[in-house]
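Here is a structure to read through by question and answer.

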Amino acid sequence: MDSPFNYLQTFGPAAEPLAKLGWGLIAISLLVTVIIAVLLLMAIFKRRQTARPDAQGRIPASREPGGMRWIYIGVGISTVVLFASAAWTVSTIADVAPPAHAPRLTIDVTARQWWWEVKYQSDEPALVFTTANEIHIPAGEPVRINLAGGDVIHSFWVPQLAGKMDVIPGQNNSTWVQADKTGDYFGQCGEYCGAQHAHMEFHVIAQTPEEFVAWRRQQAAPAGAPQDQALQQGQEVFLTRCSVCHKVRGTLAGGNLGPDLTHVASRGTIAAGLLVNNTANDSAWVNDAQALKPGSGMPSLHLPPQDLTDVVNYLGSLK
Amino acid sequence: MADTHFYRTLAISEVSDPDNAEHLQKLWETPSGLHGWLTTVDHKTIGIRYLVTSFAFLLLGGLEALAMRVQLAHADQHVLTPEQYNQVFTMHGITMIFLYALPVLSGFSNYLWPLLLGSRDMAFPRLNAFSYWVYLFSGLFIYASFLAGNGPDSGWFNYVPYTSRDYNPGSGIDFYALGMILFGISTTVGSINFIVTAFRTRAPGMSLNRLPIIIWGTLTASVGNLFAVPAVSLAFLMLWMDRQFATHFFDQSGGGSPLLWQHLFWMFGHPWVYAIVLPAMGIVSDGLPVFCRRPLVGYTPVALSTVATMFIGFGVWVHHMFATGLPTLSLSFFGVASIVITIPSAVAVFAWIATIWLGRPVFTVAFLFFASFVLLFVIGGVSGFMTAAVPFDWQLTDTYFVVAHLHYVLLGINVFPVIGGIYFWFPKMTGKLMDERLGRWNFWLTFIGFNLAFFPMHITGLLGMPRRIYTYPSGYGWDTLNFVTTIGAFLFALGVLLFVLNIVLSLRHGKQAGPNPWDASSLEWAVSSPPPPYNFTVVPKVASRYPLWESYLPEEGSGSVIDQGPLLAQGRETLGTTALDGEPDIIFKMPSDSFAPLIMSLLLTALCYGALIHSGWLSALSLLGVLACLAAWLWPQPELAQSVKYQAKDVHDD
């Protein structure tokens, strides 16, 4: 079955040994279940000499010998299988603990109720920047993810690339991912974190190394100035109504309570994966976010129609 | 201090003597009416109260489950708001795990133990009544959060910092925290009572290796609880202090640790999981052989594996925390321990199958529930084994796979044996048989509904659906599976409804059962159905593991005597025996009915409420009340002095 969260189908070396182990355990489990079911049915329905009830209609109890053999053989076989599985488990832990070679790229991810802040680290200060909910990585190489908790506990999970790692306030956890093929890999918060735990999706976009370098340069750059009068209007609205929480680099908008929107138009989705990023959805979101994601930090702004159109067009220009 | 004891010579009496019964009835009967209802300490009444109350909580938790299933039947539903959904799933968990799963088993144990052990009541009858009332009030206390406008919404696991005041300012968490401290008192005193009862009030001759397995199960669970419950009571107290008095136990900004909560919670939580299944496994180990017309295969390994499970169960709590970033060495240790704990379970499974194989099954409804339980046990077991494998658990954890697993465990290993156990012991409790035909409908609907609801959840989980999300988008491959689960949930609910219906109808129209309708082997079936308030007219003597089957199984031992023995009737009395061999030792004076347990429970609840609303007056007054009540309760009474040594007539000659 096709699901972007199906972790039995994996695309990288941090997830593949897990899937292999998983398939093995599923096979063992199914086999055990079938064997036990068959034994149970045979035990219930096997042909027996009909017991003669006594004068009061009771079937006398009796003890047929040989029961202990069941326990010896059954438990004996189970123990061997269990210890083999335990050995496989321990060796898989060792396999995926560190990547095959040290990651060259490190990304800091901060989990917040209910979105993901993504910060790219670099030795070049010009390449350090912050974005949200969409993590781009170069395909074919390991990437280190440092996890920081912004509020409550969350869990970083990209099923087809790696298992979960909890994001715990005050604790520096890290994990790594590697995508062998380019593509869009779905991620989701894996630990219950409050009202909108259901809508805390993110995406890991694996690109060719060249595309990735280009993307990174483009994202690191500040936003361009508005190109026409209408966008100018939109920026005005943004600065008055949105800038307390949101940042657009290159403008006066410097809030850091919500996602950095410098290049929001380049992202595939908004509101942590809730909506496809297009004019209609952006407009609905800005106007009445609480109806779409009740409890989220984004208020329902209910802007005058012209302001709404302008600000949404402005957001659409932040490529 | 042997001098302080005086020896009493006990004449051997006959069960058949009507004078004895009449005299005992006067001593032990609780008067009818409100006064008797509020003061009774009869373990049978308390046991039935536990069963009825916990079942009411089960139905309530079931309604919460159905509300969730309606919400999740299709993608993007808006039946419940996110906040409502989160409260409902939280209360569903709290209700089922705390207010249903252990109390229902305590109900069986309270009702059955003295009957199984050949005694007249639990070792501490007033403590028993107290444990029930506190349980009831703790449940009502937690549910009262809804009346205050907000239920806890943090999951039963209640992780900090989401439950800290910063992120969860409402009083729901405080209701939960204080209610759990109250509930912990109930569990603790109940456990102490079971342990002392098991070791000191067995019939003469009932050595430890003749105990029914349900007693092994509850005894093990009780010892486990004594070690496990303090961790969670303490954790909830610390959390409450963090919330109310700004202490920093779990607050990383003040040097505390959010992970400390998880350790404390699961150090309790995992042994608790075994506490709520081991007695139920005991129900099957004792009930199934009756319907297979043979003794349980492997009594000794099954009893020992019960104890072993709890022992290892204290070393696996970290398997709830595999994704918290612990070092690989500890992950390996706890992963392997979690796999190894399957071995004692395998012992029980093969013992049950061999018992059926080598027996002559009688297809009663109780048998159907017990036999199907074996399959559900194995499915819940292998899915648990999969989550024990650390790296794969990094994927499985917090997905619907775990939801499937825990429901196979908790419904399969708790609810199925419980319903089977009711079909088995209902005749003993009420004197009436349950309807077998309606029972079959009941069985098949619950069995099919259960599997239809929960088996697909394994696949939903493998397709990555996270737990505890109030809605999900279409197109992730989860839609059909969720719809099937919802249908299964309603079928299962219908099956449970038939069970309730069967109880109601059978109470009115059920056939008379007689003392031993199943021709079963243990002592409770030797007395009338329902048993008299004093259980046994004379103290029985036990000479084998299956006292009522000695004519069938002479090789198991013989010489149990039930129809004659010492009559203990100078006030409420029961025989105390030695801990290991069950040799007669002392005559326990048993307390009479009393208001103290109820009043004490009410005062403790008032104390918690005072703490909740920050009322110094109410807290101080109820605390004083608690102390006064305790003094009144424990005030020495000469008629309860435990100084009468037992002396059998035939050896006593001074």
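Predicted model: local features only at pLDDT ≥ 70, side-chain atom pairs only at ≥ 80, totals over all residues.

Q: At which residue does α5(A) bend?
A: Helix α5 of chain A covers residues 279-292, 14 residues in total. A straight helix would reach 20 Å at 1.5 Å a residue, but the end C-alpha atoms of α5(A) are only 15 Å apart. The helix bends by about 75°, and the residue at the bend is A:Val286.

Q: How much area do chain B and chain A bury between them?
A: The contact involves 90 residues of chain B and 89 residues of chain A. In chain B, the residues that lose the most area to chain A are B:Phe350, B:Trp357 and B:Gln395, together 11% of what that side buries. Of the total, 71% is on carbon and sulfur atoms, and the area is about 7,600 Å².

Q: How many salt bridges does the rule find across the interface of chain B and chain A?
A: Between the two chains, 25 residue pairs are in polar contact. The side chains of B:Arg468 and A:Glu191 form a salt bridge, with N to O at 4.0 Å. Across the interface, the number of salt bridges found is three.

Notes: Residues numbered from 1 in each chain as written. Chains lettered and ligands numbered in written order. Heavy atoms only, no water. Helix = DSSP H or I, 4+ residues; strand = E, 2+ residues; numbered from the N terminus. Expected span 1.5 Å × (residues − 1). Bend = angle between axes of the 7 residues up to and from the residue. Contact = heavy atoms within 4.5 Å. Buried area = accessible area lost by both parts, 1.4 Å probe. Polar contact = N/O pair within 3.5 Å; in protein donor to acceptor, adjacent residues only side chain to side chain.
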